[in-house]
Amino acid sequence: MSQATAPAKETATRRTIKNLRWWILGWALAAGILNYMDRSAISIAAPALIEELGLTRTDIGLLGTVFSWTYAFAQLPAGWLVDKLGARRMYFLAIAGWSIATGLMAVGSAMWHFVTFRFLLGAAEAPNGPASARLTADWFPRSERGQATAIWDSGSKWGPAIAPPILTGILLAFGWQAIFVFLGILGLVLAVAFYIFYRRPELHPSISDEELELIRTEEQKQDTGAAKVPWLRLFAHRQIWGMMAGFFCVIWIWNIFIVFLPLYLQEERGVTIAGSGWLAAIPYVGAAVLGITGGWVMTRYTKSSGVDPLTAKRRVMSVAAVVAGVLICLIPLVADLTLAMIVMTVALGFVATMQAAAWAMPGDIVNASQVASVGAIQNFGGYFGGAFAPLLTGIIADATGSYAPSFIIGGIIAALAAVAYTVLVRRPMTAELKES
């Protein structure tokens, strides 16, 4: 008797959370914030590493490049593992792994130590983007994914925005080693908390029947019917190459800011270390807000224009790429610091919109079961090519004493993203996959 009535009693007493999918998205946002705090910590510690350990700007750029190359190649197995193991297990392993790698930076005393730890950081951080894309595909109908993606992707802006004032304060008070110890402990706490709370929609105890029905109904209604194909055969389609080329254009300029923004403000704009901690946060705050706004624009445009979601994202991407490219080229040409910060902030806002559009596209290109794999392949292309940006920027800065050439080159490359996504990513892979 008691066994027969147990399920009914459990249903009656179960507590549900309204719009749980948006709360779930908060976990992806938190992971993204920490992810980018960890990878941008090297830019905060850079002045101390140069002064105390004798590293050069080229060395700092090389550390950025080592991270990016490792991160790029690790994307390929990471996306496949996310699709096989699910977001919950991969998030836990990734966050715990990159937090340990970050903490190890505190014991580094030679260049080869930092190269090793940045290699480990790149490998461990690789599943973050694909896992977030998979979480979005699991929890959100396709019409909401542009907005949802913009929100979790804003973690890549909130992280670098939060990092400078907090980590600079830790640097000045306790030394550069304390930065990495703080981030390592924070990450391990987040990893455990996520693993305890997160579940897929159908397994989550706090989801309402109405929300689960909405997610599943929309999924069936909007399903493209794309056939699942072997992972290697994805590279036979031009959409994949277009996404890799386009994301390379995005990540090139993003890597320059992540690795060199504090040094640029200190060396070319005459800002103090303490002052750069606050000023370096401003462009990322603007990028986070404008990136979320761009996601809202994508969602509204998709629902109101009558065009398909992929076309809407490509059009938003193209406009953002051209505007971002022009503004980035203007940064070194603006003499006034305040005006330069405004230009930089708006430029990064459009770059953030490009990133949100790019990460939302895999859900429009392939079946949901391969979203993480395609997102990871796109990210691989972006970071493999974009890995050259920090190294080249460091070399140019050491040789010329200026960052201006790097901004101009970066602006031109950013604008070319419009060409890649417009020409090569024109339609879903559905029909091609069925034929292949």
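Let's start with a word we'll need throughout: a residue is buried when its relative accessible area is under 20%, exposed when that figure is over 50%, and partly exposed in between, using a 1.4 Å probe and protein chains only. This is a predicted model, where local features need pLDDT of at least 70 and side-chain atom pairs count only at pLDDT 80 or more, while totals for chains, interfaces and linings use all residues. Residues are numbered from 1 along each chain as its sequence is written, and side-chain values use heavy atoms, with hydrogens and water left out.

Now for the charged pairs. A salt bridge here is a side-chain nitrogen of Lys or Arg within 4 Å of a carboxyl oxygen of Asp or Glu. By that rule, the model has nine salt bridges. One of them joins Glu 211 to Arg 21, with 2.9 Å between the closest N and O atoms. Glu 211 sits in helix 10 (residues 209-222) and Arg 21 in helix 2 (residues 20-53), so this pair ties together parts that are 190 residues apart in sequence. (Helices are DSSP runs of H or I with at least four residues, numbered from the N terminus.) Both partners, Glu 211 and Arg 21, are buried.

Next, have a look at Glu 267 and Arg 57, whose side chains meet in a salt bridge at 2.9 Å, N to O. This one also links distant parts of the chain: Glu 267 is in helix 11 and Arg 57 in helix 3 (residues 57-85), 210 residues apart. Glu 267 counts as partly exposed, at 36% relative accessibility, and Arg 57 is partly exposed too, at 30%.

The Arg 269 side chain does reach the backbone oxygen of Ala 335, at 3.1 Å. Leaving aside neighbours within four places in sequence, Arg 269 is in contact (heavy atoms within 4.5 Å) with residues including Tyr 264, Ile 331, Asp 336 and Ala 340.

Note on methods:
A polar contact is a pair of N or O atoms within 3.5 Å; within protein, one must be able to donate a hydrogen and the other to accept it, and residues adjacent in sequence count only if both atoms are side-chain atoms. Helices (H or I, at least four residues) and strands (E, at least two) are DSSP runs, numbered from the N terminus.
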